[in-house]
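Let's take a look at one helix and at the salt bridges in this model.

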Amino acid sequence: MVLTLIVACEVGFWVLLAAGLAARYLLRMPRTGAALLLCEPLLEVVLLVATAVDLRNGAEPSWKHGLAALYIGYTVGHGHRTVKWLDGHAAHRFGGAPRPVGPPRHGMARARHEARVWLGTLLGAAVATVLLWAAIRYVDDPSRVGPLQSWMGAAWRAAGIHGLIALSYAIWPKKPTAARIGGSAPEPPLLNRRRG
């Protein structure tokens, strides 16, 4: 049941998002569109309640319950940014708004952007950890909570890997190429030049 609900929530997220953006920009009903977009967090509440009920009814804690916690954490950490990004593109495409500014491509500005995205992953790991810890306390049987504890570790491993990737942008910042900054490309080495 929990796995089916996770899939249903993911599908529901995109259906509500598409319906909200369509109502907002295609049907010119901004309030209806905003109301549909504000329904997005209700999907996570439904998943949370269903997972708690499943455990209360005696279901064996499994990877499905851990995945539900990670899904909710990811949505809390990155859902708003995803909706905002798609809303900006829909406003540009269908509402006549200017093209949204993309993330910086080079230097420390890109490193700061990657750090902000990583903070979303960190928030998601923290939310998942709280939910998993609550489930472990709720089950209150150390012999049955192994799958939940393993997902807690998985959440922090993912946050750590993402943190290292984000840090790499600060340690080795990408520099703009000559063509992108308006300069001319460097001349080829002397041996490669054609002799006239």
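A residue counts as buried under 20% relative accessible area, as exposed over 50%, and as partly exposed in between. So Arg144, at 23% relative accessibility, is partly exposed. Keep in mind that this is a predicted model.

Arg144 pairs up with Glu60 in a salt bridge, and Glu60 is itself partly exposed at 49%. This pair connects distant parts of the chain: Glu60 sits in the loop between α3 and α4, Arg144 in the loop between α5 and α6, 84 residues apart.

The count of salt bridges comes to three:

| Asp87 | Arg24 | 3.3 Å |

Asp87 belongs to α4 and Arg24 to α1, so their bridge ties together parts 63 residues apart in sequence. Asp87 is buried at 16%, while Arg24 is partly exposed at 28%. Glu114 and Arg110 stay within α5, four residues apart, which means about one helical turn separates them. Glu114 is buried at 10%.

Now for α3, which runs over residues 40–56 and spans 25 Å from its first C-alpha to its last, close to the expected 24 Å. Its buried residues include Leu43, Leu47, Ala50 and Leu55. After α3 comes Gly58, with a positive phi near 95°.

Notes: Residues are numbered from 1 along each chain as its sequence is written. This is a predicted model: local features need pLDDT of at least 70, side-chain atom pairs count only at pLDDT 80 or more; totals for chains, interfaces and linings use all residues. Side-chain values use heavy atoms; hydrogens and water are left out. Helices (H or I, at least four residues) and strands (E, at least two) are DSSP runs, numbered from the N terminus. The expected span of a helix is 1.5 Å times one less than its number of residues. Buried means under 20% relative accessible area, exposed over 50%, partly exposed in between (1.4 Å probe, protein chains only). A salt bridge is a side-chain nitrogen of Lys or Arg within 4 Å of a carboxyl oxygen of Asp or Glu.
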